Amino acid sequence: MDTTLTTAGIACIIAAIVGGGLKAFAIEIPALQSGRRQAALGAFGVLLVAMGLGWNRISLPRPPAGSGQSSSGQTPVAGTTPGQPAGQPVSTAECTPAWFANPAPSRFKVIESGTSDAEVLSADQPKDDPVVIVVTEDGKPVGAVAFRLFVSNDLFKITQVVNAACERVETFRNESRGGDRYVLQNDDTMELTFGPLKYTISLGYHSGSIGSRVIRISRADPVSPSRDDCLAWFRTPSPDRVTVVESGTADAEVLPADKPKDGPVVIVLTEDGKPVGAVAFKLYVSNDLFKIVHVVNPRCEPLETFRNERGGDRRVLQNWDTVELTFGALKYTLRLGYSSGSIGGQLNRA
């Protein structure tokens, strides 16, 4: 409609100028015999052009109210991670930044190194499509492993291994049996390297669900705390996120449920009210996992005289694991647990 009106208007204006006798745009206008008719035809042509332009403006599509659409016609997506469109599943076929989004997309499982028993895929989730494990170190992604499960054969096949920049990684092997590194029998273990760190990942399929264990097998010792920060742990009253626990305490609340869990927590051990040392650790809630960051004496000298009674990496404690600590001539056991949103501890002199 807008094009027809505009074309007719232009034809009328041209005919008025030349005095009629025009045949153009499929319109024929006879010769005009008076100036009044020319003026009237020109005015009518201007009116038709104006109507055509007005119709064009009215008929432009407009975004519905409240749609959030910008003037450019593109709808901005709020509250999403780059590379992860809102409401759309993230593909497990090729690595994108969305693989490392927080929170993790569906069919993606984030596992902190040291986790001994993680449910990667529950029994009620379909097993046909690929699954991705994102490996984290101190809560930061270091890489990912994508695989498929073939239920009828209890068989896993690795589809790709990438680092956190989505670059393909070829430094992995089947530790359990050698051979094709892309093929894992049930409960096999693969060894893989992300940068300077080396890990083992075990995959198993039991009772309809997929489980995994991720262990770091190369050392990456934490940086020692600054002396000022460390000395503050032993001051009275204790700083925030520092709890004093006397030996023999069977049930100490180390961090209440209303405190954030994503930062370091410190326990100062005392004997007869006097500090003998301190243990700083982090909790990884999604995996019910504790990692010891520092063990020091009251002079803030780092100590290596501790071990996990379970064995393995002494800095990694599963929920309610016990660490054995030696401060001078005294030996203690410290048990850490996470339950109902709070961190608890038990301290005994051995």
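Two strands count as paired here if DSSP finds at least two bridges between them, the strands themselves being DSSP runs (E, at least two residues) numbered from the N terminus. This is a predicted model, so to speak of local features takes a pLDDT of at least 70 and side-chain atom pairs count only at pLDDT 80 or more, while totals for chains, interfaces and linings use all residues. Residues are numbered from 1 along each chain as its sequence is written, and side-chain values use heavy atoms, with hydrogens and water left out.

On those terms, strand 20 (residues 322-327) and strand 21 (residues 330-339) run antiparallel to one another, joined over six bridges. Within this pair, F327 sits opposite L330 of strand 21. Both strands belong to an open, antiparallel sheet of five, ordered 14-22-21-20-18. Its edges are strand 14 (252-255) and strand 18 (306-308), each of which pairs on one side only.

Then there is the largest pocket, at about 580 Å³. A pocket is an open set of points on a 1 Å grid over the protein atoms alone, where a 1.4 Å probe fits, with protein on both sides within 12 Å along at least five of seven lines; lining residues have an atom within 4 Å of a point. The volume is the space filled by probe spheres set on the points, which are joined across faces, edges and corners. Of the 29 lining residues, N102, V110, T136, S286 and N287 are the closest to the centre. Strand 3 (108-112) gives the largest share of the lining, four residues, and strand 4 (118-121), strand 5 (131-137) and strand 16 (274-284) each supply at least two.
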